[in-house]
Amino acid sequence: MDFLISGILAVTWKQVVMYLVGLILIYLAVKKEYEPSLLLPMGFGAILVNLPASGVLNQFMEGVGETNGIIEWLFHIGIEASEALPIILFIGIGAMIDFGPLLSRPVLFLFGAAAQFGIFAALLFAVLLGFDLKDAASIGIIGAADGPTSILVSQMLHSNYIGAIAVAAYSYMALVPIVQPFAIRLVTTKKERSIRMEYHPGQVSKSVRIAFPIVVTFIVGLIAPSSVALVGFLMFGNLLRECGVLSSLSETAQNVLVNLITLFLGITISFSMQADAFVKPDTILIMLIGLVAFVFDTIGGVCFAKLLNLFLKKKVNPMIGAAGISAFPMSSRVVQKMALKEDSGNILIMQAAGANVSGQIASVIAGGLIIGLVSTYL
């Protein structure tokens, strides 16, 4: 009983806040089904690491010495020391992506690039609010709409806000169906949202599908070497999918590997959600800047499409630009749902999917560029 009373008395108000954060994340995962594979382990992990003298963290015991906690060990091995977990996850992501719609209409690459505008807008905003460059860049990458990239960049730049950035990135990824329609309606009219687009699927040969990940890796490696770890593992996963001789490995990467790494990544990142580091005004600012990044990503892609329409005879539906963020396939589904709401016969899913997968490539390239550019000034 004395141990129970002493444990309760050792709980601080900040730890109580983190218990509530953990329960909210679990609620969103279970009840709302928002990214449950990540939010649930992150929420439960937030509770684990904030229990008084938690055994999942390293601690010193009189007469025993220091004991190694499992979550702290996983964090040091899988994220801090090698960034292994988020990078390995990209193999599975690459294996899940079909680049066919993008390869049949390469112009969609432009939408993926344009929809990264929010990263740099958020970076500038964070600097103006007083964050130093490495933290501002790490916060800005929330706009990549790519949780593993956000974790990797913030870790490689040694940001002080890894936990808050991870929570913001995955929370807003889960809220894409809410955030994106709002942002799209801000800068489009009903007439623009009702534009129909013809889709003539080109035949993409197997050789092109196999060559694509190899060529992309070469190009990115020469132009932005700091992106190679991200892009290379993404493209390797896609090569497993397209080569046609490693179907069992491709299926393993898409299912077992992704699920296992996602599980470990979610509960491991909770190490950065300890109350003293997480419960502070800066966390609220990061959540707000992350929202700005997502909104500006969407607006950037839409406005780029509207700019293209000034020069095109056959207009594109500007909502396609919004699908250029990395949140695959949620963003393309949002665009299709909005298109059907405006015009029940308007089918944009293939064009939106092409822009969406281009966003996957663009986001990891942007992450590598951020790492390279910021590293030169540190």
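User: Which residue's side chain does the side chain of Asp135 join in a polar contact?

Analyst: The structure is a predicted model. Asp135 lies in helix α9, which spans residues 133-140. Leaving aside neighbours within four places in sequence, Asp135 is in contact with Ser159, Asn160 and Tyr161. Among them, the side-chain partner in a polar contact of 2.9 Å is Ser159.

User: Is Asp135 buried or exposed?

Analyst: A residue counts as buried under 20% relative accessible area. The relative accessibility of Asp135 is 3%, so Asp135 is buried.

User: Is Ile223 buried or exposed?

Analyst: Ile223 belongs to helix α14, residues 206-223. Together with Ile214, Val215, Phe218, Ile219 and Leu222, Ile223 forms a nonpolar patch on the surface, with about 650 Å² of accessible area together. The cut-off for exposed is over 50% relative accessible area. Ile223 has a relative accessible area of 66%, so Ile223 is exposed.

User: How wide an arc around the axis do the buried residues of helix α4 cover?

Analyst: In helix α4, residues 70-80, the buried residues are Ile71, Glu72, Leu74, Phe75, Gly78 and Ile79. They lie on the same side of α4, because the arc they cover around the axis is only 160°.

User: Which helices do the buried residues of α4 pack against?

Analyst: The buried residues of α4 include Leu74 and Phe75. The helices that the buried residues of α4 pack against are α3 (36-48), α5 (84-96), α10 (147-156), α11 (162-174) and α16 (247-268).

Terms used:
Residues are numbered from 1 along each chain as its sequence is written. This is a predicted model: local features need pLDDT of at least 70, side-chain atom pairs count only at pLDDT 80 or more; totals for chains, interfaces and linings use all residues. Side-chain values use heavy atoms; hydrogens and water are left out. Helices (H or I, at least four residues) and strands (E, at least two) are DSSP runs, numbered from the N terminus. Buried means under 20% relative accessible area, exposed over 50%, partly exposed in between (1.4 Å probe, protein chains only). A polar contact is a pair of N or O atoms within 3.5 Å; within protein, one must be able to donate a hydrogen and the other to accept it, and residues adjacent in sequence count only if both atoms are side-chain atoms. Contact means heavy atoms within 4.5 Å. Patches are made of residues with over 30% relative accessible area and no salt bridge: like charges are joined within 9 Å, nonpolar side chains (Val, Leu, Ile, Met, Phe, Trp, Tyr) within 5 Å. Accessible areas come from the Shrake-Rupley method with a 1.4 Å probe; for residues, only the protein chains shown count as cover. A salt bridge is a side-chain nitrogen of Lys or Arg within 4 Å of a carboxyl oxygen of Asp or Glu. The arc is that of the directions from the helix axis to the C-beta atoms.
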